[in-house]
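Hi everyone, and thanks for coming. Please have a look at the picture on the screen, and then I'll walk you through it.

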Amino acid sequence: MDQPTAPSSLEIGLLGRFRIVIDGVAVEERAWTRRKSKTLVKLMALQPRHQMHREQVMDYLWPEQEPEAALNNLHKTIYAARRALEPGLKAGTESQFIVTQEQQLILRAPGRLWIDVEEFE
């Protein structure tokens, strides 16, 4: 019989060198295939309730681009961020950590979400 996996914890270090630890294992630098995918995670970690409207994200990351191009880049960036955090994520399955609900992007963890900036404050 398969044992259910323990809820995943996500720890984000923004003070000093950026780092992410999932269930005690650090995400390696090479996992981040797009630089903006790291920026997306950082932005969401700093937001109240760890969520942002997708237009806010597009305005912040691609202010000079037309909305259609920015939306395309946003989709690629979300995909890259999810793959960095969950390399085994299958296409069409929901991420544990980056969720889209209507126009909102939400950073969460099924177990524990810990962000050093919140602890410091």
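Histidine 50 touches Met44, Ala45, Leu105, Ile106, Leu107, Leu113, Ile115 and Glu118, leaving out residues up to four places away in sequence. We'll come back to histidine 50 in a moment.

Before that, a word on where this comes from. This is a predicted model, in which local features need pLDDT of at least 70 and side-chain atom pairs count only at pLDDT 80 or more, while totals for chains, interfaces and linings use all residues. Residues are numbered from 1 along each chain as its sequence is written, and side-chain values use heavy atoms, with hydrogens and water left out.

Now the overall layout. The protein has 4 helices and 7 strands. By helices I mean DSSP runs of H or I with at least four residues, and by strands runs of E with at least two, numbered from the N terminus. Read from the N terminus, the order is β-β-β-α-β-α-α-β-β-β-α. The radius of gyration is 14 Å, close to the 14 Å that the globule rule gives for 121 residues, so the protein is as compact as a globular protein of that length. That radius is taken over C-alpha atoms, and the rule is 2.2 Å times the number of residues to the power 0.38. Along the principal axes, the C-alpha atoms fill a box of roughly 50 × 35 × 30 Å.

What share of the 121 residues is buried? The share is 39%. Buried means under 20% relative accessible area, exposed means over 50%, and partly exposed is in between, with a 1.4 Å probe and protein chains only. As for contacts with a separation of 6 or more, 54% of them in this protein are between residues 24 or more positions apart.

And the charges? There are 16 positive and 17 negative side chains, and the centres of the two sets lie 5 Å apart. Lys and Arg count as positive and Asp and Glu as negative, while His and the chain ends are not counted. Each charge is placed at NZ of Lys, CZ of Arg, CG of Asp or CD of Glu.

Let's zoom in on helix H2, residues 54–61. Which residues are buried there? They are Val57, Met58 and Leu61. Looking down the axis of H2, the buried residues fall within an arc of 95°, so they line one face of the helix. The arc is that of the directions from the helix axis to the C-beta atoms. A handy bit of background is that an α-helix has 3.6 residues a turn, so residues three or four places apart point the same way. On the other side of H2, Asp59 and Tyr60 are exposed. The cover over the buried residues of H2 includes helix H1 (35–46), strand E4 (51–53), helix H3 (67–85) and strand E6 (104–107).

Moving on from H2, the loop between H2 and H3 holds proline 63, which is exposed at 58% relative accessible area.

Next, the loop between H1 and E4, where we find histidine 50 again. Is histidine 50 buried or exposed? Histidine 50 is buried, with a relative accessible area of 11%. Arginine 49 lies in that loop between H1 and E4 too, but arginine 49 is exposed, at 64%.

Arginine 49 also has a positive phi of about 60° although it is not a glycine. In general, most residues other than glycine have a negative phi. Aspartate 23 is another case, with a positive phi of about 50°. Aspartate 23 sits in the loop between strand E2 (19–22) and strand E3 (25–26) and is partly exposed, at 42%.

Two last residues. Threonine 77 lies in helix H3 and is buried, with a relative accessible area of 0%. Beyond its neighbours up to four places away, threonine 77 touches Arg34, Lys36, Ser37, Leu40 and Trp62. Threonine 77 and leucine 40 are 37 residues apart along the chain, with 7.6 Å between their C-alpha atoms.

Finally, glutamate 11 belongs to strand E1 (residues 10–13) and is partly exposed, at 26%. Its contacts, leaving aside neighbours within four places, are Arg19, Ile20, Val21, Arg112 and Trp114. Glutamate 11 and proline 110 are 99 residues apart in sequence and 12 Å apart in space, C-alpha to C-alpha.

Note on methods
Contact = heavy atoms within 4.5 Å.
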